[in-house]
Amino acid sequence: MLAKNIKKVAREHGTNIKEISCQLGVRPNNLSRTINNPNITYTDLQKIATAIGCEIEDFLTVDKVNKVNKVINCDCPTCGERLDISISVKITPSKKR
């Protein structure tokens, strides 16, 4: 999940793994291995964040999606038949600017 977040943040900042690896002076496959390592160090995260131009916290923020489901029961004003209206709303937080 962290690797996906790092790549997402990089894309949002108009860069990619190849460009970041160039800035850091490492090969892209080595940077990918570092990013995908579950034991990535704080120092490595800081270097990557600096190269991207963001904060480490940006990698750790996960967009949470809340769903609201509501069923409204009412009678049709024309024929009088019972209606069940289902409403589903997806709420996502706004992105940081």
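This is a predicted model: local features need pLDDT of at least 70, side-chain atom pairs count only at pLDDT 80 or more; totals for chains, interfaces and linings use all residues.
Close-up 1. Cys-76 counts as buried, with a relative accessibility of 18%. Cys-22, in contrast, counts as exposed, with 63% relative accessibility.

**Close-up 2. The crossing of helix 2 and helix 3.** Helix 2 covers residues 17-24 and helix 3 covers residues 28-36. Their axes come within 9 Å and cross at roughly 100°, so helix 2 is roughly perpendicular to helix 3. The residues of this contact divide into six nonpolar, two polar and one charged.

**Close-up 3. Residues where helix 2 meets helix 3.** From helix 2, the contact takes in Ile-17, Lys-18, Ile-20, Ser-21 and Leu-24. On the side of helix 3, the residues that they meet are Pro-28, Leu-31, Ser-32 and Ile-35.

**Close-up 4. The surroundings of Ser-21.** Ser-21 is placed in helix 2 and is one of the residues of that helix that meet helix 3. Ser-21 has a relative accessibility of 1%, and therefore counts as buried, the cut-off for buried being under 20%. When neighbours within four places in sequence are left aside, the contacts of Ser-21 are Val-26, Arg-27, Pro-28 and Leu-31.

Terms used. Residues are numbered from 1 along each chain as its sequence is written. Side-chain values use heavy atoms; hydrogens and water are left out. Axes are lines fitted to C-alpha atoms, for helices over the stretch in contact, and angles run from 0 to 180 degrees between N-to-C directions. Helices (H or I, at least four residues) and strands (E, at least two) are DSSP runs, numbered from the N terminus. Angles under 35 degrees count as roughly parallel, over 145 as roughly antiparallel, 65 to 115 as roughly perpendicular and the rest as oblique. Contact means heavy atoms within 4.5 Å. Ala, Val, Leu, Ile, Met, Phe, Trp, Tyr, Cys and Pro count as nonpolar, Asp, Glu, Lys and Arg as charged, and the others, Gly among them, as polar. Buried means under 20% relative accessible area, exposed over 50%, partly exposed in between (1.4 Å probe, protein chains only).
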